[in-house]
Amino acid sequence: MATGRLGIEETLGALNAALGPGGPVWFKETRARHLRARDFLAPQRALQARFRDGEVPECVFHAVAGLQGPGVAPVLRCARTSAGLELQLQRSAVFERVLGAVADYAAPAAPAAPGSRVLLHCPSLRAAPSALRLSQLRAVLVADHLARALHAHGVSVRLVPAVRDRHMSTFLQQLRVDWPVASERAATEALRSRTLAELNPAGDREALPPGVLGNVYLKELVEERGHTAGYDPNLENCLVTEDLLSVLAELQAAVLHWPEVGSLDLAAGGAPDADGCVVVHVVSCEEEFQQQKLDLLWRKLDDQAPLSQKHLVCGPVKVAGVPGTLTAPEYYKYRHAQVCNASALKHSRDLAQDPAWTETFRVLSVATIKFEMLSTAPQSQGEWLLLFNSVLPFPDLLSQTAALDHTAPGLHITARTEMVCKLLVQLSMDFSSYYNRVHILGEPRPHLFGQMFARLQLLRAVCEVLHTGLAMLGLPPLSHI
């Protein structure tokens, strides 16, 4: 029997290669009504653009029908229809391969290259929790989710800033956000000396308020990088304060003193260089302008500042029925009250003070918030939906979530942090529909033992995906809820 993990990306790649030179044509079906007859489709319009009159050559048709290769799912049939080329997999064989190696489908498809390092900087965490806006809360949750996805992908991740406010630390624990804490500030002497040398000569420095060193000119750095880099053209000066130097010093120390040097594939000499590190500033839209100043100031004051700095900007948050002025702690209390009220209606009594339910309500409240903030993406049909739409694509999804294209031009970077939430939501709906219609543990009739075992294996695969996906959100396994 063939071995190795089957992959959606590998299958799509082989299908498109079988059609010859040109762009991708095939796509994976996801809708239940289409999956009754096909798993992949090459649309007729795309085929007409690729081949004369849309007529697929016989040799190409046979190449598709006999598709094979590493990671390629076995093909049952390929048919010409009015919709285009329709392909259906050997579903029994796919089930057998997947359910025989469940653990392979709860891990990323391709691990990161050895020595990959990413520093995630979330400036929102320097605020007091009582002042944390919902857009900043979203940036915090995105940074935490991205850190977990990168860790799962094999990337060495450093998180900045280390939290010093004990109230913020408590709030992050409440949100099940895993973030480092610290009590001391980084030394700023070297940066202060460089700053004093770069200060604009104009102005009376003696008239500056305490803690303010003066203005540093940044316009030439913006012009040097050009308008296509993505910096705001209105950036000219940066008012440098002691607090700002402390922020830069912490970033500088985090890049140069990596805690996992021993496990990294570094050049001889052992010390990690800044150029081998990607810095991602995860900011709310309100913080973006100030963060661009910090980015440029770091480059100007530190010759060893990382060349690759990207900005992941989280848009504004609008939650139906929730005032826009609500702070993050108030929002948590609002959602927690909703969970408690819903439980009271269901059970006809208030369980909020019951110790056995306290942790459950906390987890459900956090899960509600995270899904809101991060979602802004056997042979029966319920069974194939579960396997084909959730279990089989999950390794590729984990890899895509951790993919940060830091080599792309420009200042900004995107992250697919919504993908895990969307898959978990769809998986929950598909599994709920399946569970309502199918008796997984039926009557103990001997001729059904094989079917029952296969369904239990499918249930195990679904649970593996659910638990891994929930872990990416910092949520406990279902058995703990």
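This is a predicted model: local features need pLDDT of at least 70, side-chain atom pairs count only at pLDDT 80 or more; totals for chains, interfaces and linings use all residues.
Let me start at Cys78, which sits opposite Leu87 of strand 4.

Four strands make up an open, antiparallel sheet, and their order is 1-2-4-3. Across strand 1, strand 2 and strand 4 lies helix 1, residues 8–18, at about 35° to strand 2.

Next, a pair of helices. Two packed helices are described by the angle and the distance between their axes. For helix 10, residues 242–256, and helix 11, residues 288–301, the angle is about 65° and the axes are 11 Å apart. Their crossing is right-handed. On the helix 10 side the contact includes Leu244, Leu248 and Gln252, and on the helix 11 side it includes Gln290, Leu294 and Trp298. By type, the contact residues are ten nonpolar, two polar and no charged.

Which residues touch the most other members of the largest nonpolar core? They are Trp26, Leu120 and Leu137, in a core of 106 residues. Helix 6, residues 134–152, supplies the largest share, eleven residues. Leu120, leaving aside neighbours within four places in sequence, contacts residues including Ala143, Leu146, Trp179 and Val282. Another core, of 32 residues, lies apart from that one, and Leu218, Leu221, Ala249 and Leu294 are among its members.

Definitions and conventions
Residues are numbered from 1 along each chain as its sequence is written. Side-chain values use heavy atoms; hydrogens and water are left out. Two strands pair if DSSP finds at least two bridges between them. Helices (H or I, at least four residues) and strands (E, at least two) are DSSP runs, numbered from the N terminus. Contact means heavy atoms within 4.5 Å. Axes are lines fitted to C-alpha atoms, for helices over the stretch in contact, and angles run from 0 to 180 degrees between N-to-C directions. A crossing is left-handed if the near helix is turned anticlockwise from the far one by less than a right angle, and right-handed if clockwise. Ala, Val, Leu, Ile, Met, Phe, Trp, Tyr, Cys and Pro count as nonpolar, Asp, Glu, Lys and Arg as charged, and the others, Gly among them, as polar. A nonpolar core is a set of buried Ala, Val, Leu, Ile, Met, Phe, Trp, Tyr and Cys residues joined through side-chain atoms within 4.5 Å. Buried means under 20% relative accessible area, exposed over 50%, partly exposed in between (1.4 Å probe, protein chains only).
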